[in-house]
Amino acid sequence: RLLPLLADMEVDGLAPNSRSFNGAMAVCAQAAQWEEADALLDQMREAGVMPDAVSYHTAIHACRRAAPRCRRAGSRVVSYLQRMRRERLQCSLVGYTTAMSALERVGAWRAALAVFERLRTEHTPDGKAIRAALSVCAASGRWRDALALLSSSSARCGDDNIELAAVACERGGQLDLARDLREHGWFSSTLQSTLAGGPAAPK
């Protein structure tokens, strides 16, 4: 429905610009219509309008909303981030966090953590970004990565972060460490020993 609407603007002598395209993509994103949003990116170029950072952020958001039902939507996120780098467009902190969430939803955990590493080269991770990365670790059982994240000062506060790290430990087979985390949080002696290079907690 949205693509003909933009075509009608041209017929009426109103050439679509980045604002009108991005507005149409935002409607697609709210409806989780990632393929329609993707088509709009192509139509922008055909109309001589180059996608900007907002365009790609909106397309990533559309993919995130569709990701639980469509694996291709999640994998498309990686393509958008690659395009942004080629086109020298800065991905925002929110954009990276949304991309991580989309990739987690389709089980692309390694790609999601790679996005987090890219994020850290361009931004200082905030609480939401660290929580998204911890959620990826919890889903994939990457307990060492979870503990490394937990050791960053901005991740220490909040029971939610401790629980995500504990889930990562459970799924990674570190049951005693998971239990100790839940009982003692950041002050867990087992956690401190592990972070200091001591042996992993026994199963």
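This is a predicted model: local features need pLDDT of at least 70, side-chain atom pairs count only at pLDDT 80 or more; totals for chains, interfaces and linings use all residues.

Student: How do H4 and H5 cross, and at what angle?

Tutor: H4 covers residues 53-66 and H5 covers residues 71-86. Their axes cross at roughly 165° and come within 8 Å.

Student: So are they roughly parallel or roughly antiparallel?

Tutor: Roughly antiparallel, because angles over 145 degrees count that way.

Student: Left-handed or right-handed crossing?

Tutor: The H4 and H5 crossing is left-handed.

Student: Which residues make the contact?

Tutor: From H4, Ala53, Tyr56, His57, Ala59, Ile60, Cys63 and Ala66. From H5, Ala73, Arg76, Val77, Tyr80, Leu81, Arg83 and Met84.

Student: How many of those are nonpolar, polar and charged?

Tutor: The H4–H5 contact has eleven nonpolar residues, one polar and two charged.

Student: Staying on H4, is Thr58 buried or exposed?

Tutor: Thr58, in helix H4, is buried: its relative accessibility is 12%, and the cut-off is under 20%.

Student: What does Thr58 touch, leaving out residues up to four places away in sequence?

Tutor: Asn22, Met25, Ala26 and Ala29 are what Thr58 touches.

Student: New topic. Where is Pro16?

Tutor: Pro16 sits in the loop between helix H1 (2-11) and helix H2 (18-30).

Student: Buried or exposed there?

Tutor: Pro16 counts as buried, at 6% relative accessibility.

Student: And how far apart are Pro16 and Gly48?

Tutor: In sequence, Pro16 and Gly48 are 32 residues apart. In space they are 9.5 Å apart, C-alpha to C-alpha.

Terms used:
Residues are numbered from 1 along each chain as its sequence is written. Side-chain values use heavy atoms; hydrogens and water are left out. Axes are lines fitted to C-alpha atoms, for helices over the stretch in contact, and angles run from 0 to 180 degrees between N-to-C directions. Helices (H or I, at least four residues) and strands (E, at least two) are DSSP runs, numbered from the N terminus. Angles under 35 degrees count as roughly parallel, over 145 as roughly antiparallel, 65 to 115 as roughly perpendicular and the rest as oblique. A crossing is left-handed if the near helix is turned anticlockwise from the far one by less than a right angle, and right-handed if clockwise. Contact means heavy atoms within 4.5 Å. Ala, Val, Leu, Ile, Met, Phe, Trp, Tyr, Cys and Pro count as nonpolar, Asp, Glu, Lys and Arg as charged, and the others, Gly among them, as polar. Buried means under 20% relative accessible area, exposed over 50%, partly exposed in between (1.4 Å probe, protein chains only).
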